[in-house]
Amino acid sequence: MNLRHLEMRLERLEGFERPTARLEQYQTPAPVAARLLHHAAMQGAIEGRAVCDLGCGTGILACGAALLGASAVTGIDIDPAAIAVARRNAELLGVTVEFQVADVRDPDLDREALACDTVVMNPPFGAQKAHADRPFIDLGLELAGEVYGIFNEGSTPFVAAYTEGRATIEEVIRCAFPMRRTFAHHRKDRVDITVEVVRLKRI
Ligand SMILES: C[S@@+](CC[C@H](N)C(=O)[O-])C[C@H]1O[C@@H](n2cnc3c(N)ncnc32)[C@H](O)[C@@H]1O
């Protein structure tokens with residue numbers, strides 16, 4: 001499936017019903033999700049691979065990975081309402097994804113069951129709670145040899161320092177990320193930010 005076709009399929013997905021600011025529930029725009037997934041697929045990280053989406057929200061990354069031929073896809077999110085939307089989205093696209101309500105910070109999370117080849121994620125940027133992205137990075141590197149994560153512009157030096165000795169940064173792709181008005185504190189209908197898609201390889 002080419003990039004444009006993937007993007008068009010993902011455009012149809014349902015967004016968060018009542019997004020929670022505390023959980024930084026803004027949806028990944030379809031062009032950004034498609035770009036991350038298509039790029040990961042080109043690196044051989046999706047087709048025939050077990051993929052896990054951490055903080056899957058409405059499931060756009062997980063469903064896209066399934067569309068691109070992942071052998072098994074799991075998505076976890078702390079919010080049951082988001083997981084309900086994600087399940088509807090998988091149904092809409094006719095793909096199979098195992099969605100679970102779970103907290104990435106839970107030390108009792110069954111890591112063996114979640115172990116996979118590739119983690120994809122758009123973690124909270126930490127705008128509401130400092131360092132909210134750290135448990136996602138930690139769990140991602142525990143579960144998979146490769147992690148594709150979306151981070152705020154300028155985060156790569158932090159990610160490099162935080163993962164030193166555990167992973168190497170293989171690539172950074174800068175993407176435009178149109179953020180629609182989602183929360184009461186958003187003043188404009190749309191703000192265009194830049195994000196960095198970082199590809200980490202576990203050492
Ligand atoms: C920026 S949103 C991304 C949502 C989705 N991946 C997407 O791309 O549309 C971050 C997601 O992380 C989830 N989240 C926040 N804290 C979490 C935690 N501790 N454990 C699991 N999920 C969490 C939120 O509920 C939210 O769905």
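Which atom of the ligand does a backbone N or O atom of Ile-78 lie 3.2 Å from? A nitrogen atom. That is our way in.

Some ground rules. This is a predicted model, so local features need pLDDT of at least 70, side-chain atom pairs count only at pLDDT 80 or more, and totals for chains, interfaces and linings use all residues. Residues are numbered from 1 along each chain as its sequence is written, and side-chain values use heavy atoms, with hydrogens and water left out.

The ligand. The protein covers 97% of the 590 Å² of accessible area that the ligand has on its own, by Shrake-Rupley with a 1.4 Å probe.

Now the shell. There are 21 residues around the ligand, each with a heavy atom within 4 Å of it. Gln-25, Thr-28, Gly-55, Asp-77 and Asp-103 come nearest. The shell divides into ten nonpolar, seven polar and four charged residues. Gly counts as polar here, and Tyr, Cys and Pro as nonpolar.

Where does the ligand sit? The space it takes is the largest pocket, by the test that more than half of its atoms lie within 2 Å of the grid points. A pocket is an open set of points on a 1 Å grid over the protein atoms alone, where a 1.4 Å probe fits, with protein on both sides within 12 Å along at least five of seven lines; lining residues have an atom within 4 Å of a point.

The largest pocket has a volume of about 570 Å³, the space filled by probe spheres set on the points. Of its 31 lining residues, Leu-23, Gly-55, Ile-78, Pro-124 and Phe-136 are the closest to its centre. Helix H3 (60-67), strand E2 (72-77) and helix H6 (134-143) each give two or more residues to this lining. The lining holds 15 nonpolar, nine polar and seven charged residues.

On to the second largest pocket. Its volume is about 380 Å³. It has 20 lining residues, with Gln-27, Thr-28, Pro-29, Pro-178 and Arg-180 closest to the centre. Helix H1 (3-11), helix H2 (30-42) and strand E6 (167-180) give two or more each. E6 gives the most, with four residues. This lining splits into twelve nonpolar, five polar and three charged.

Notes
Polar contact = N/O pair within 3.5 Å; in protein donor to acceptor, adjacent residues only side chain to side chain.
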